[in-house]
Amino acid sequence: METIKLKINGFEVEAYDKQPLIEVAEKLGIRIPTLCHNPIIEPYGVCRVCTVEVRHGRRVRMVTACNYPVSNGIEVFTDSERVIRNRKMIIEWLLGRCGNVPVLNKLAEEYGIAEPRFGRGTDNCILCGLCVRVCQDIVGANVLGFFDRGPNRYVSTSYDETSDLCITCGACASVCPTGCITIEGLQEGIYKEMPMGPITPIHIDFMQAVPKKAVIDHDSCINFKTGGCKVCVDVCEAEAIDHSMQETEKEVDVGTILLSTGFKLQDGRELKEYGYGKYPNILTSLDFEVLNNANGPTGGKIVTQDGKIPKAIGIIHCVGSRDKKYHEYCSRVCCMYALKFAHLIKEKIHDCEVYNFYIDMRCFGKGYEEFYNRLLREGVNFVRGKVAEISDATLDKSEEGKLILRAEDTMVGTVRRIPVDMVVLCLAVEAQEDAKSTARLFGCAVGKDYFVNEKHPKLAPVSTPSDGVFIAGMVQGPKDIPDTVAQAGAASSAILSLIQQKEVETEVVTAVIEESMCSGCHICVDLCPYNAITFYQDRKKSEINEALCKGCGTCVAACPAGAAQQRNFKDVQIYAEIRGLLAI
Amino acid sequence: MSKSEFEPRIVALLCNWCTYTGADLAGTARMKYPPNVRTLRVMCSGRVDPAFVIFALQNGADGVMIGGCHIGDCHYAKGNYSSRRRAVILKDTLESLGIDPRRFRLEWISASEGDKFAEVIKKFTKELKELGPNPLNKGAQDA
């Protein structure tokens, strides 16, 4: 692009030919007031507030900076006497229509207009048309338009009726300079859909996301609704946004795999006695974590659903874990995060009573027991006993809106009834729903709680029966972050040592298929738990990959032709052994 | 062995990872169980061809037992499932061959269940004593 030179308020600047004047001034740090200018929308020059004086040779003109294309040799004055006088007049005219708009009043104050000569109008739309243009040009919904003529002109929807075409994107409200467009029921609507607060269509999932990249939410992005907008594409300097991207599947050849598919929290609704989902102030541990997060919907303020600061909070340990009805195992992480919650609550709300209901405190790690003792000193209440039920069965007015916890206190030997404002359920960690099929896919077995079994609990804690497949984290069983990190470290070094070896050690007792005897019946292929047997369509024969075979011999026992034989456990060898046992 | 009392011969095909180790544990823990059992190690209960069982019963065994890991605990993920499916059919087959299906047993005994191994052998021996010698046994009690 051709560069030209011009002067603004006496400063010489370089700019591209035909670049809008307001952009050039902005780069120089010169503020030109404007109402109807928005960088994403084609300038229109309708509010006239950005009027400046342009001299070209002997010619002097008053122009709107937002849509005036600069040219070589011009001289611009943004705050000359004439400009100020003109602008004052424009603002007074605008006030004559919209006398009570804060932006205009602020401008009036800036330009020393105490009482506008033409009075103060009661409208609040300056008819800049930003909303109409954003709806048509950017969003493409074509809902808003100008109606009537002359002094009666106004912005509305067709026939002034609620439009079916409106996608409630809020673009019109966000561009409106006077704030005269509002969306009805916006707040409630959003919180009904997303109780944890709204997210923008483009967002970074959470602060610790890896990779920490912005994503576009398909459901709320305007482009996927109307095909319009794409403002982000224009704004993104890295040109990283592509709305036409599709989900693709990639096939990657790897030698080792680390299974680290994690866990899920038990559904709190399974425990009817605790009323999760029924009472809004009963949160799961993850809900509370979001609520307490500084990036969360309340900015880290601990408040009940109706925005009040709780005076008493109950934290219930072992919900669904160490419980014969749900999971017999201990979820391992709850005790410590429950203590953390109690500590954070005490830190944020000093006079809040925190009740921890526990079966046993399992503070098993380094510094954990000390932390527990510290909490005892901080004045957190610990009640040893399980909560029987949570209800809203209040006795009198003072308990209104509170949740009533009934629990046995085995230390005192009595049943306690404690009213609280909020309850946090430390729900059990569970294996992922598809843990079994995932494990099967990788030739691993799951235990009775659907956590993937390691090869040996002490001697091979990160390996699985499938060579080259390793496990780390909650997929193997409940564990806290330090344990997970340690396990992941062990798994990755096991993986590296396997890669470094360059050769794979195979089992001694692998099975082999004698090709001349194989009838190609397929029976063995489906039986193999390690997917080690491949059927070759062209030869109509099956073949065992000895690197994958673990030597269980299931295929050998099933082979009707006797083509499959296991090394050191051949049929003839076993028959000979039986003969030996029976002494025949 | 007194000639008056019948002592059955049991062939036990045990999986390397669970029942064989369990039997080992029964031994090292000095648990008492009848000496009638003769063990044979295979890598997995899934390796046991039903033909082995029939062969043993035809050739002098009074009872055959397959021992494997508990369902879901198989070292090879699912070998014992195959074993379990085969056992159901095998019992029918034994019956049609004229062999009492009670002479065949499939047991899940883990490596830590030495006591269960001893218990199972005791029970099986007692049952076989009640059943008497295997009719296919050609009267060869002295072997």
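1. Basis of the note. The model is predicted, local features need pLDDT of at least 70, side-chain atom pairs count only at pLDDT 80 or more, and totals for chains, interfaces and linings use all residues. Residues are numbered from 1 along each chain as its sequence is written, chains are lettered from A and ligands numbered from 1 in the order in which they are written, and side-chain values use heavy atoms, with hydrogens and water left out.

2. The disulfide. Over all chains, the structure holds one disulfide, a term for a pair of cysteine sulfur atoms within 2.5 Å. The partners are B:C18 and B:C69, with sulfur atoms 2.4 Å apart. The pair links distant parts of the chain, 51 residues apart: B:C18 lies in the loop between β1 (10–15) and α1 (19–28) of chain B, and B:C69 in the loop between β3 (63–68) and α3 (79–96) of chain B. Helices (H or I, at least four residues) and strands (E, at least two) are DSSP runs, numbered from the N terminus. The link of B:C18 and B:C69 is right-handed, with 100° about the S-S bond. Both B:C18 and B:C69 are buried; buried means under 20% relative accessible area, exposed over 50%, and partly exposed in between (1.4 Å probe, protein chains only).

3. Cysteines of chain A. A:C166 counts as partly exposed because its relative accessibility is 42%. For A:C334, the closest cysteine sulfur is in A:C426, at 5.8 Å, again too far for a bond. A:C334 counts as buried, at 5% relative accessibility.

4. A helix pair across two chains. The axes (lines fitted to C-alpha atoms, for helices over the stretch in contact) have angles from 0 to 180 degrees between N-to-C directions. Those of helix α16 (residues 571–582) of chain A and helix α2 (residues 50–58) of chain B come within 10 Å and cross at roughly 25°. Therefore α16(A) is roughly parallel to α2(B), as angles under 35 degrees count as roughly parallel. Contact (heavy atoms within 4.5 Å) involves A:D571, A:I574, A:Y575, A:I578, A:R579 and A:L582 of α16(A), and B:A51, B:F52, B:F55 and B:A56 of α2(B).

5. Chain B as a whole. Chain B has four helices and four strands, in the pattern β-α-β-α-β-α-β-α along the sequence. Of its 143 residues, 55% count as buried.

Key
Parallel < 35°, antiparallel > 145°, perpendicular 65-115°, else oblique.
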